[in-house]
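Hello,

Here is the structure I promised to pass on to you. Please have a look at it first, and then read my notes below.

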Amino acid sequence: MPSLSVVIPALDDAEMLARCLQDLAAQLRPADEIIVVDNGSSDGTADVARAAGATVVEQPHRGIWPAASTGYDAASGDIIARLDADSRPPADWLLHIEAEFVDAPEVGVLTGPGVFYDGNTVVAGIGQVLYIGGYFWSMGLWLGNPPIFGSNFAMRREVWLDVRERVHRDRSDIHDDLDLAFHLSLDTAVRYDERLTVGISARPFSTWRGFGRRLRWAYTTLSMHLPDQSPWRRRITRRRQAHDRERDAPGAVA
């Protein structure tokens, strides 16, 4: 069976991280390693992680992408799973991930949605429909495959090793999950499973400033990938690759 690493970027989030690590300790299929990337915290984030038995890796360069990529580099598991410090994975989260990767060796990345567990009911409802639902719908059309949701996904180690030098891992003003999705090889199979859910916090949407920051990140991420990663170019490249595979297949007529 594959070994499983869980990577959690964290910045000044000791209280939320403690709850996340408690949920990981209760997994039906325990993680083989948990890596918490301390992104320059001034609170007890690192102490909370060590007390729970997690490995702490330091990344002083602030930003989700710098922290997350540092964690992926440090992970030794066959499968690298990702949570945020305020994520709440159900007890079968890692069991579900392991089963899907074992049953579907062609899948390189597995992702699922988040469900808000806190915040104003109206804000959480709008975020669920427009932000989470809109993200999977719109970016799925753009990419030609499901996008990756950074608070809830897992990838094979070889996928990360292949893509790690192409992503903009030092940028703190873009969405790390979307940047990762853009740079995956087009033949990497990404599976969306609506049953693979985790609880997520509505804190990012509690203020207009937080919501606006995420919109700016989305604009920056999309604009920096044009025109090379435009939807039509991605589809043309996919068709060309499919044609080449058919041409080179054993028994194909020249």
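To start with a definition, a cavity is a set of points, on a 1 Å grid over the protein atoms alone, where a 1.4 Å probe fits but cannot get out. Grid points are joined across faces, edges and corners, and a volume is the space filled by probe spheres set on the points. This is a predicted model, in which local features need pLDDT of at least 70 and side-chain atom pairs count only at pLDDT 80 or more, while totals for chains, interfaces and linings use all residues. Residues are numbered from 1 along each chain as its sequence is written, and side-chain values use heavy atoms, with hydrogens and water left out.

How many cavities of 30 Å³ or more are there? The count comes to one. The largest cavity holds about 30 Å³ of space. Its lining (residues with an atom within 4 Å of a point) is made up of Asn-145, Ala-181, Leu-184, Ser-185, Leu-186, Thr-188, Val-190, Arg-234 and Arg-238. Four of these lining residues are nonpolar, three polar and two charged; here Ala, Val, Leu, Ile, Met, Phe, Trp, Tyr, Cys and Pro count as nonpolar, Asp, Glu, Lys and Arg as charged, and the others, Gly among them, as polar.

Next, the core. A nonpolar core is a set of buried Ala, Val, Leu, Ile, Met, Phe, Trp, Tyr and Cys residues joined through side-chain atoms within 4.5 Å. Buried means under 20% relative accessible area, exposed over 50%, and partly exposed in between (1.4 Å probe, protein chains only). The largest nonpolar core has 63 residues, and Ile-8, Trp-93, Ile-97 and Leu-180 have the most contacts inside it. Helix α5 (residues 121-143) gives this core its largest share, six residues. Helices (H or I, at least four residues) and strands (E, at least two) are DSSP runs, numbered from the N terminus. Leaving out residues up to four places away in sequence, Ile-97 touches Ile-79, Ala-81, Leu-110, Ala-154 and Leu-196, where contact means heavy atoms within 4.5 Å.

Helix α3 (residues 64-74) is largely enclosed by the rest of the structure, because eight of its 11 residues are buried. Among them are Trp-65, Pro-66 and Tyr-72.

Gly-108 and Val-190 are 82 residues apart in sequence, yet 6.0 Å apart in space, C-alpha to C-alpha.

Finally, the salt bridges (a side-chain nitrogen of Lys or Arg within 4 Å of a carboxyl oxygen of Asp or Glu) number 17. One of them joins Arg-82 and Asp-84 at 2.9 Å, N to O, and Arg-82 is buried at 2% relative accessibility. Another pairs Glu-100 with Arg-191 at 3.2 Å, N to O. That pair links distant parts of the chain, with Glu-100 in helix α4 (residues 93-103) and Arg-191 in strand β8 (residues 189-192), 91 residues apart. Glu-100 is buried at 10%, whereas Arg-191 is partly exposed at 32%. Arg-191 also forms a salt bridge with Glu-106, their closest N and O atoms being 3.7 Å apart. Through shared partners, salt bridges join Glu-100, Glu-106, Arg-191, Asp-193 and Arg-195 into one network.

Best wishes

Technical notes. 1 Å grid on protein atoms, 1.4 Å probe; cavity = no way out; pocket = protein on both sides within 12 Å on 5 of 7 lines; lining within 4 Å.
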